[in-house]
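Welcome, and thanks for taking a look at this one with us. Below is a short briefing to read alongside the structure.

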Amino acid sequence: MQPPFRIGYGYDVHRLAEGLPLTLGGVRLESRLGIVAHSDGDVLIHAICDALLGALSLRDIGYHFPDTDAKWKGADSTRLLQHCAQLVREQGYEIGNIDCMLALEAPKINPHNTAMRTGLAEVLGLELHQISIKATTGERMGFVGRQEGVEASAVVLIFHAEVRL
Ligand code: MG
């Protein structure tokens, strides 16, 4: 029998460098520093993908979307997210809510919070209130504080479609 509720946790980190695009939560941000990655390197979406896969005990993002697979190479991260959400539905589950944390020194995330959540809600077929995005800095400590990288984590609750909330 499928458990009525499951939780998942995801974490991702990418390096930052000058002159590269910075896309977080599907939103392209103005920034001196951008993400070093083969894909768009959207750490926030990658963390959410891993949280969704984790809730299903379906391993991780690297297993499902290997760099070596031409189908996913350089793919827009929203496509990966759509695929993970599809896996949730195929297992008979719905997403309850997603709570995320971003850690980076700059730029400020708050002005883009609604745009990110609106876009993600659309991709996932959710209401705005089901997605939370929070951000913090590294207080100039560690790799986040030195602006060497950006870090994201996410937790998700999924519930079986037969559960009446
Ligand atoms: Mg990643």
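A polar atom of the glutamate 105 side chain lies 3.4 Å from the backbone nitrogen of glutamate 139. Please keep in mind that this is a predicted model.

- Glutamate 105 belongs to the loop between β5 and α4.
- Its side chain also reaches the backbone nitrogen of glycine 138, at 2.5 Å.
- Glutamate 105 counts as buried because its relative accessible area is 18%, and the cut-off for buried is under 20%.
- Leaving out residues up to four places away in sequence, glutamate 105 touches Thr137, Gly138, Glu139, Arg140, Val144, Gly145 and Gln147.
- With glycine 145, the separation is 40 residues in sequence, while the C-alpha atoms of glutamate 105 and glycine 145 are 6.1 Å apart in space.

**Backbone features to check**

- Most residues other than glycine have a negative phi, and most peptide bonds are trans.
- Glutamate 139 sits in the loop between β6 (131-136) and α5 (142-145), and it is exposed because its relative accessible area is 62%.
- Serine 57 also has a positive phi, near 55°.
- The loop between α1 and α2 (61-64) holds serine 57, which counts as exposed because its relative accessibility is 52%, with exposed meaning over 50%.
- The peptide bond between alanine 106 and proline 107 is cis, with omega at about -5°.
- Proline 107 is in the loop between β5 (93-103) and α4 (113-124), the loop that also holds glutamate 105.

**The nonpolar core**

- In soluble globular proteins, nonpolar side chains tend to be buried together.
- Here the largest nonpolar core has 47 residues, and those touching the most other members are Leu24, Ile48, Leu52, Ile95, Leu102 and Leu124.
- Helix α1 (residues 43-55) contributes the most to this core, giving 10 residues.
- Leucine 124, one of those core residues, touches Leu52, Leu81, Ala85, Arg89, Ile95, Ile98 and Ile131, once residues up to four places away in sequence are set aside.

- Tyrosine 9 is in strand β1 and counts as exposed because its relative accessibility is 53%.
- Histidine 14 counts as buried, because its relative accessibility is 18%.
- A polar atom of the histidine 14 side chain lies 3.5 Å from the backbone oxygen of valine 36.
- Beyond its neighbours within four places in sequence, histidine 14 is in contact with Ile35, Val36, Ala37, Gly41, Val43, His46, Glu148, Gly149 and Val150.

Methods
Residues numbered from 1 in each chain as written. Predicted model: local features only at pLDDT ≥ 70, side-chain atom pairs only at ≥ 80, totals over all residues. Heavy atoms only, no water. Helix = DSSP H or I, 4+ residues; strand = E, 2+ residues; numbered from the N terminus. Buried < 20%, exposed > 50% of the residue type's maximum accessible area, 1.4 Å probe, protein only. Polar contact = N/O pair within 3.5 Å; in protein donor to acceptor, adjacent residues only side chain to side chain. Contact = heavy atoms within 4.5 Å. Core = buried A, V, L, I, M, F, W, Y, C linked by side-chain atoms within 4.5 Å.
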